[in-house]
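I am opening a notebook on this structure, and I will write down what I look up as I go.

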Amino acid sequence: MPQNPNFDLLLRNARLSGGRGPQDIAVRQGRIAAIGPGLAGTAALEEDAGGRVVLPGLVDTHIHLDKSCLLCRCRDAGGGLKGAIAAVSRLKRDFTTEDVYERGARTLERAITQGTMFMRAHVELDPLVGLRSFEAMKRLRRDYAFAIDLSICVFPQEGMTHDPAVEGLLAQALAEGADLLGGCPYTDADPSLQMERIFALAVAHDVDLDFHLDFDLDPSWSHLEEICRRTVAAGWQGRVAVGHATKLAAIDEAALERMIALLADAGVGVTALPATDLYLNGRDVNHRAPRGVAPVHRLADGGVTVSVATNNVLNPFTPFGDGSLIRMGNLYANLMHLGPERFGGCLDMISTGAARLMRIADYGIAVGGRADMIVLDADDEVDAFGGIAAPLMGFKRGRKSFVRPAAMLMR
């Protein structure tokens, strides 16, 4: 280590978005202090990106750590959304805090080494599991803070209005450290009443909202318009998001344009969850199954804040997953027939746009911004996205948080 270094970190020869030549990035006290070619000065740690692509740490807006890695316990869930919910409902009676922590940590570590540095974990609360999963999430948030900012969203997966104890659990979790509140109206006996109570709780506790919504391909009914109306009535514009919204994939062009305008005017963000939505939707038509994923790139074109996220990993809802958000964005681009001209927009859905949906301050590679960065094994952003380039290393608040050596051929 040099004596009296100017910076905590100097990352040399970084290829940044926008096509400029290699740049150096200097970090001091967790913030980016300078960007430019051939920066003078010394640092406690100096790394060479070698002309590779450097992105801000990726943002996963929607994941269920509490029920990840359950395949070994329920390989015969029967398929479909109802089957998946029922399978996990049977299992979670026996969830312990240690069990949820261990499975969540396994998934979290995969995501970290794939470049994720911000994450919103949706955690089920109900009398079956109590606060056990929530307690595990709080431990994960603390233990992995060196590498990732973990935001905890508590929600009632199996309904709320039928049992007053559910609302009590949600309020208790919010008082004990939950960051925001979610909802799942389509599983409730009274969806509208659940939305009313969830909004009231959010306003009372001054927290953002993130709903599971419209998760099927029946265009004859929707809760999305009511969410937009309640958002405006509560003055919660820019603080509400919905995940899935797969009905948007089943409506006609005129209806889609109308919904885009409603969402944009209400400031409601939308997250597509390609792996789960592809796996669970359209099963009734076998080989003619539709894509069943919300066309969020169309929403983004209309001014809606959007993201693409993981949702589930290795469980009955999604028996796949390695924690790679770049792979998830790539999957979305594939199924939506998006070519290289849209790759930048797809990257935005797992980085800048996703950060906007989560209201992350000072996000991005800019002077004064958070020094949260990943180095990809590629020297071109389009190739990195198209080829699902592996992250080689990451820096959280300017400190190296993971390393994945590049593959080598041994001739």
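Which residues of the largest nonpolar core touch the most other members? I kept in mind that this is a predicted model, and I found that the core holds 110 residues, among which F211 and Y332 touch the most other members.

I then looked up the surroundings of Y332, leaving aside its neighbours within four places in sequence, and noted contacts with A272, P274, V293, A294, P295, V296, H297, V308, L338, C346 and M349. I also noted a second, separate core of 14 residues, which includes L9, A14, I32 and M373.

Next I turned to the sheet. I traced an open sheet of eight strands with parallel pairing, in the order β6-β7-β8-β9-β10-β11-β12-β13. Its edge strands are β6, residues 58-63, and β13, residues 306-308, and each of them pairs on one side only. From one strand to the next, I recorded a twist that averages 20 degrees.

Helix α5, residues 191-205, touches β9, β10 and β11 (240-244), and its direction makes about 165 degrees with that of β10. Helix α6, residues 224-234, touches β10, β11 and β12 (268-272), and the direction of α6 makes about 165 degrees with that of β11.

Methods
Residues numbered from 1 in each chain as written. Predicted model: local features only at pLDDT ≥ 70, side-chain atom pairs only at ≥ 80, totals over all residues. Heavy atoms only, no water. Core = buried A, V, L, I, M, F, W, Y, C linked by side-chain atoms within 4.5 Å. Buried < 20%, exposed > 50% of the residue type's maximum accessible area, 1.4 Å probe, protein only. Contact = heavy atoms within 4.5 Å. Pairing = 2+ DSSP bridges. Helix = DSSP H or I, 4+ residues; strand = E, 2+ residues; numbered from the N terminus. Axes fitted to C-alpha atoms, helices over the stretch in contact; angles between N-to-C directions.
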